[in-house]
Amino acid sequence: MRKTKPKSEIPAVSKEEVQQKFPKTEAILLRLSVEDKNAITTTAKTLHLTATEYLVKCHEVVSAKVR
């Protein structure tokens, strides 16, 4: 019988802790088609991210490739 490794627990972090650690003070207004907005929000939800988190992560991936 194979032994399985115990799963490491990820500590719970509250929304308030995240907001204190990473305050957001800037905004960007995007004008999108309904289809583009729906596609972005649907993909973000699938990944359990907000649309903002998803777009920032996309930026990080693309900017790393450009460098």
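**Exercise 1. Decide whether Ser63 is buried or exposed, and find what its side chain reaches.**

Step 1. Ser63 has a relative accessible area of 15% and is therefore buried; buried means under 20% relative accessible area, exposed over 50%, and partly exposed in between, with a 1.4 Å probe and protein chains only.

Step 2. Ser63 lies in helix H3. Helices (H or I, at least four residues) and strands (E, at least two) are DSSP runs, numbered from the N terminus.

Step 3. The side chain of Ser63 reaches the backbone oxygen of Glu60 at 3.2 Å.

The model is a predicted one, in which local features need pLDDT of at least 70 and side-chain atom pairs count only at pLDDT 80 or more, while totals for chains, interfaces and linings use all residues. Residues are numbered from 1 along each chain as its sequence is written, and side-chain values use heavy atoms, with hydrogens and water left out.

**Exercise 2. Describe the largest pocket: its space, its lining and the helices that supply it.**

Step 1. The largest pocket holds about 450 Å³ of space. Its lining has 14 residues, and the closest to the pocket centre are Ile28, Leu30, Thr52, Leu55 and Val56. On a 1 Å grid over the protein atoms alone, a pocket is an open set of points where a 1.4 Å probe fits, with protein on both sides within 12 Å along at least five of seven lines; lining residues have an atom within 4 Å of a point. A volume is the space filled by probe spheres set on the points, which are joined across faces, edges and corners.

Step 2. Helix H2 (34-46) and helix H3 (51-66) each supply at least two lining residues. H3 gives the most, with 4 residues.

**Exercise 3. Describe the second largest pocket in the corresponding way.**

Step 1. About 260 Å³ of space lies in the second largest pocket. Its lining includes Lys15, Val18, Gln19, Phe22 and Thr52.

Step 2. Helix H1 (15-21) and H3 are the elements that give two or more residues to this lining. The largest share, 3 residues, comes from H1.

Key
A polar contact is a pair of N or O atoms within 3.5 Å; within protein, one must be able to donate a hydrogen and the other to accept it, and residues adjacent in sequence count only if both atoms are side-chain atoms.
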